[in-house]
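Good morning, everyone. Please look at the structure on the screen while I talk.

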Amino acid sequence: MAHPTPLHPRPTKRPAMSANASAIPRVLPVSRPGRCAAAAGAGVFDQVEHTDPFLSLDIFRRHGACIPAHPHAGCVVATYLFPDSTTSLRCRHAHGGDDTVRPGDLLWLETNCGTVHEEVPGSARASVRGVRMVVNRAGCHPHGAPVQTLIRAEAMPHWREGDVELTLICGQWGERRVAREDRDADGRITLLQLDWQADALRTLEIPCDGRRWVALIAQGEAAVAGHAMRAEGGGTEALSLPPGVWQLAGRSGARLVLAGGEPLGEPVVYRGNFAARDEADLVALTRRYQQGSMGALAPLCDGEG
């Protein structure tokens, strides 16, 4: 193109409208936990002081790898598959949940008092890519059976602003909202996907509504508030964004995801997939799992995956 989109646009921010809100975006360190050769990813972990209510935010890529049965308690585990994934995931939990997540779908698992969960790809020769959010529920929903809700891609609002396509995966953005069947749905947790169809500049207004926002680059190159972001390493990959109007620049093919949620501002211990209020609560959850109170999953028969 004659005038390619600059990757270092001038920040055009509006002063934060809350005295407690930082007016400067914060670069968040991204780590790559050790995984098998068939699975890879990068995310923001163990930074709750900057990401509350999110305990972790992960851009994952998996090729034919089954995630074996493992426990969760005191948190929400939300798994979104990018539309360009080439297979599905069958997600089961020990209290009766059994759904097939297709490319473009979101699975929302309220683990409540705890359950055992597994993910099996539809094909061992294909791959899935997506976002996983773990949301803190420690002390908020300690009782009750786990609830698993599947949101299909066709239920998500899709729209275009210039050369950027947007998808509201869950929650609320402006007047748009994703409806969920479960009565305890938390509309304050939002996940928004931005896909650049051509090199383009645009602005993004982060609302001052009490939510905290984190931006992650999923593929390609973009710049947010003057910070160059590149997927697969080589630059900033995650930013905490305060309220204001920020300028975005993206190359064709870039994908950015924006997660927002209202901070709980409460102590949390997150270890071994358990979100607990304190060490004593963590010990109690661990004991419940060891005693079998979180259930067990029967093995899948051949050909069921």
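**A helix and a sheet**

The buried residues of helix H2 pack against strand E24 (269-271) and strand E25 (274-276). Contact here means heavy atoms within 4.5 Å. Buried means under 20% relative accessible area, exposed means over 50%, and partly exposed lies in between, with a 1.4 Å probe and protein chains only. Helices (H or I, at least four residues) and strands (E, at least two) are DSSP runs, numbered from the N terminus.

A word on the source. This is a predicted model: local features need pLDDT of at least 70, side-chain atom pairs count only at pLDDT 80 or more, and totals for chains, interfaces and linings use all residues. Residues are numbered from 1 along each chain as its sequence is written, and side-chain values use heavy atoms, leaving out hydrogens and water.

Back to H2. Which of its residues are buried? They are Asp281, Leu282 and Leu285. These residues cover an arc of only 100° around the axis, so they sit on the same side of H2. That arc is taken from the directions from the helix axis to the C-beta atoms. On the other side of H2, Ala280 and Gln290 are exposed.

Helix H2 spans residues 279-290, which is 12 residues. From first C-alpha to last, H2 reaches 16 Å, close to the 16 Å expected at 1.5 Å a residue. The expected span is 1.5 Å times one less than the number of residues.

Now the sheet. It is open, has four strands in the order E17-E22-E19-E20, and pairs antiparallel. Two strands pair if DSSP finds at least two bridges between them. Which strands stand at the edges? E17 (200-206) and E20 (227-230) do; each has a single partner strand, so one side of each is left without a neighbour in the sheet.

Let's walk across. E17 and E22 (residues 244-250) pair over seven bridges. There, Glu205 has Val245 in E22 as its bridge partner. E19 and E22 pair over three bridges, and Val224 stands opposite Leu248 in E22. E19 (residues 221-224) and E20 pair over four bridges. Ala222 stands opposite Met229 in E20. E19 and E20 form a hairpin with two residues between them. In that turn, Ala225 has a positive phi of about 50°.

Last, the cysteines. Cys75 counts as buried, at 0% relative accessibility. Cys113 also counts as buried, at 17%.
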